[in-house]
Amino acid sequence: MSHALTLGRRGSTVAVLAFDGMSVFEIGIVSEVFGLPRPEFDFPWYDLTICAETPGPVRVVGGATLRTDHGLDRFAAADTVIVPGVPDVRAAPSPALVAALRAAHDRGARIMSICSGAFALAGAGLLDGRRATTHWRYAEELRARYPSVEVDADVLYLDDGRVLTSAGSAAGLDLCLHVIRLDHGPTVANAVARRLVVQPHRDGGQAQFVEAPVAADPSDDRLARSMEWAVANLTENITVDVLARRAHMSPRTYLRHFTRATGTSPIRWLITQRVHASLPLLESGTTPIEEVATAVGFETAVTFRHHFGQTMRTSPSSYRRAFHP
């Protein structure tokens with residue numbers, strides 16, 4: 001049974017909490033992903049509500065005011081409950097918010113946090129005994145104040161069943177796309193990512209530079225053609241020499257141009273492409289890991305597992321289980 005059917009999430013209600021003194025960026029992420037209509041899909045999208053502890057005006061960064069008529073009762077009743085970054089990580093969540101979060105959790109809702117919103121979840125006791133993440137800047141504070149929480153500051157997000165946490169603000173987008181993958185599958189999540197003009201899944205952790213291919217020098221499309229050929233022929237024995245010949249360059253010149261254009265090496269880029277090409281195979285079927293490895297150009301399953309772990313921060317089997325629990 002899929003995660004979506006288990007939780008009954010398709011077309012589910014989503015509530016995000018607004019705080020006095022907050023930045024609107026994280027609520028913007030949630031609104032963009034869950035609140036905008038998606039006429040391109042032939043099924044109901046999410047029903048988003050912005051809530052506050054007390055209905056009425058909410059002051060946000062920059063001197064603006066956001067107003068909502070919905071309070072914690074509506075917040076606690078949603079299928080998916082999201083707490084964005086809190087204005088002050090040193091302040092404990094209010095008793096009313098703690099009660100709402102616990103009520104939502106006890107009812108079976110999915111609880112999510114973005115950035116320092118993890119402090120509200122921890123204050124409500126929802127992260128006790130769980131792995132969780134937050135912005136790297138606040139990780140030690142979270143670890144010190146809530147020692148029963150297993151804090152991992154080197155990931156973009158963590159899915160611990162019905163409680164999910166994400167790192168620095170932009171990582172909330174990664175988590176929201178992950179939730180769409182769980183609810184509606186990778187094809188829908190990829191379509192939403194394309195509309196947002198972001199990667200469907202970023203590799204690496206929040207404390208690392210995330211390697212990603214970028215467009216080659218527009219004044220010379222030789223690199224772009226060689227990269228397109230590589231992506232279309234991942235099972236070939238692709239080396240720098242092979243790519244350089246495709247681009248009609250010497251290997252040394254190719255390396256120099258490639259690194260300048262993409263910020264990474266050809267081999268590192270190629271490994272990432274092979275790993276990403278394996279994701280649909282892992283998500284959509286039960287093909288043995290050995291066959292998946294071969295299908296995307298890795299010589300052995302051992303090599304595939306190693307590079308998959310380095311890139312995705314999980315194993316191929318664990319990634320597959322996220323879509324076929």
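How many nonpolar, polar and charged residues are in the lining of the second largest pocket? The lining splits into seven nonpolar, six polar and three charged residues (Ala, Val, Leu, Ile, Met, Phe, Trp, Tyr, Cys and Pro count as nonpolar, Asp, Glu, Lys and Arg as charged, the others, Gly among them, as polar). Of these 16 lining residues, Gly85, Val86, Pro87, Ser116 and Tyr138 lie nearest the pocket's centre. A pocket here is an open set of points on a 1 Å grid over the protein atoms alone, where a 1.4 Å probe fits, with protein on both sides within 12 Å along at least five of seven lines, and lining residues have an atom within 4 Å of a point. The space in this pocket comes to about 240 Å³, a volume being what is filled by probe spheres set on the points, which are joined across faces, edges and corners.

A word on the model: it is predicted, with local features needing pLDDT of at least 70 and side-chain atom pairs counting only at pLDDT 80 or more, while totals for chains, interfaces and linings use all residues. Residues are numbered from 1 along each chain as its sequence is written, and side-chain values use heavy atoms, leaving out hydrogens and water. The chain's mean pLDDT (the predictor's confidence in each residue, from 0 to 100) is 86, and 89% of residues reach 70 or more. Residues 1-11 fall below 50, with 25 contacts beyond near neighbours in sequence; contact means heavy atoms within 4.5 Å. Where pLDDT is low, the predicted coordinates should not be read in detail.

Now for the inside. Of the chain's 325 residues, 51% count as buried (under 20% relative accessible area, with exposed over 50% and partly exposed in between, using a 1.4 Å probe and protein chains only). The largest nonpolar core has 70 residues, and Phe34, Phe75, Leu101, Ile111 and Ile180 touch the most other members. Such a core is a set of buried Ala, Val, Leu, Ile, Met, Phe, Trp, Tyr and Cys residues joined through side-chain atoms within 4.5 Å. Apart from it lies another core of 17 residues, including Trp229 and Leu270.

| Residue | Relative accessible area | Contacts beyond four places in sequence |
|---|---|---|
| Val60 | 10% | Met22, Val24, Thr65, Leu66 |
| His307 | 16% | Ile271, Val275, Phe298 |

Val60 sits in the loop between β3 (56-59) and β4 (65-68), and its C-alpha is 5.1 Å from that of Met22, 38 residues apart along the chain. His307 belongs to helix α14 (residues 301-312).

Technical notes. Helices (H or I, at least four residues) and strands (E, at least two) are DSSP runs, numbered from the N terminus.
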